[in-house]
Amino acid sequence: MKLAMVKEVLSPVRRAECLGEVPLLLLRWEDQVTAAVDLAGAQVGDRVLLAFGSTGRPDVTADAAVVAVLGKDTEKPVDKSTEIGL
């Protein structure tokens, strides 16, 4: 799994039946860009958890899937050790 940022919601003219009706997203993670099915309801600007391999849904065949929305991206990095009092 990778942490990624939603850059765009894709609007294909046609799609393969194996993708079902789930939304398709364009994501950036590390220095790469990939497309993935959205199983979590993500929006542009969201930080998401990107899983590779089986989506866990027999009605959707995809190599990459957004499985969780972690929140909106912020300009400033957050020091998690401060948040939990370490």
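The following dialogue examines a predicted model of one protein chain.

Student: What is the mean pLDDT of the protein chain, and which element has the lowest mean?
Tutor: The model is predicted, and the mean pLDDT of the protein chain is 83, with 83% of the residues at 70 or more. Among the elements, strand β1 (residues 2-10) has the highest mean, 95. Where pLDDT is low, the predicted coordinates should not be read in detail. The element with the lowest mean, 48, is helix α1 (residues 80-83).

Student: How many helices and strands does the protein chain have, and in what order do the elements run?
Tutor: The secondary structure consists of 1 helix and 5 strands. Read from the N terminus on, the order is β-β-β-β-β-α.

Student: In what order do the strands run in the barrel?
Tutor: The barrel is closed, has 5 strands and shows mixed pairing. From one strand to the next, the twist averages 50°. The order of the strands is β1-β2-β3-β5-β4.

Student: Do β3 and β5 run parallel or antiparallel?
Tutor: Strands of a sheet pair through backbone hydrogen bonds, either parallel or antiparallel. Here 2 bridges join β3 to strand β5 (residues 64-72). V37 has A65 in β5 as its bridge partner, and D38 stands opposite V66 in β5. The direction of β3 and β5 is parallel.

Student: How many bridges join β4 and β5?
Tutor: One of the pairs involving β4 is that with β1, where 4 bridges join antiparallel strands; there, M5 has R47 in β4 as its bridge partner. β4 and β5 also pair in the antiparallel sense, and D46 has K72 in β5 as its bridge partner. The number of bridges between β4 and β5 is 7.

Student: Is D46 buried or exposed?
Tutor: D46 belongs to strand β4 (residues 46-52). The relative accessible area of D46 is 6%. Because a residue under 20% relative accessible area counts as buried, D46 is buried.

Student: Which side chain makes a polar contact with the side chain of D46?
Tutor: A polar atom of the D46 side chain lies 2.8 Å from the backbone nitrogen of Q43. Apart from neighbours within four places in sequence, D46 is in contact with A4, M5, V6, V69, G71 and K72. The polar contact between side chains has a distance of 3.3 Å, and the partner is K72.

Student: Is D38 buried or exposed?
Tutor: D38 lies in strand β3 (residues 32-38). Once neighbours within four places in sequence are set aside, the contacts of D38 are V22, P23, L25 and V66. The relative accessible area of D38 is 5%, so this residue is buried.

Student: Which backbone nitrogen does the side chain of D38 reach at 2.8 Å?
Tutor: The side chain of D38 has a polar atom 3.0 Å from the backbone nitrogen of G41. At 2.8 Å, the side chain of D38 reaches the backbone nitrogen of A42.

Student: How many residues lie between the strands in the hairpin of β2 and β3?
Tutor: Strand β2 (residues 24-29) is joined to β3 by 6 bridges, and the two run antiparallel. W29 in this pairing stands opposite Q32 in β3. Between the strands of the hairpin, the number of residues is 2.

Student: What is the phi of E30, and is the residue buried or exposed?
Tutor: E30 lies in the loop between β2 and β3. E30 is not a glycine, yet its phi is positive, at about 50°. A residue over 50% relative accessible area counts as exposed; E30 has 58%, and therefore E30 is exposed.

Student: What percentage of the residues of the protein chain count as buried?
Tutor: The accessible surface of the protein chain comes to about 6,000 Å², and 54% of this surface belongs to carbon and sulfur atoms. The protein chain has 86 residues, and those that count as buried make up 28%.

Note on methods
Residues are numbered from 1 along each chain as its sequence is written. This is a predicted model: local features need pLDDT of at least 70, side-chain atom pairs count only at pLDDT 80 or more; totals for chains, interfaces and linings use all residues. Side-chain values use heavy atoms; hydrogens and water are left out. pLDDT is the predictor's confidence in each residue, from 0 to 100. Buried means under 20% relative accessible area, exposed over 50%, partly exposed in between (1.4 Å probe, protein chains only). A polar contact is a pair of N or O atoms within 3.5 Å; within protein, one must be able to donate a hydrogen and the other to accept it, and residues adjacent in sequence count only if both atoms are side-chain atoms. Contact means heavy atoms within 4.5 Å. Two strands pair if DSSP finds at least two bridges between them. Axes are lines fitted to C-alpha atoms, for helices over the stretch in contact, and angles run from 0 to 180 degrees between N-to-C directions. Accessible areas come from the Shrake-Rupley method with a 1.4 Å probe; for residues, only the protein chains shown count as cover.
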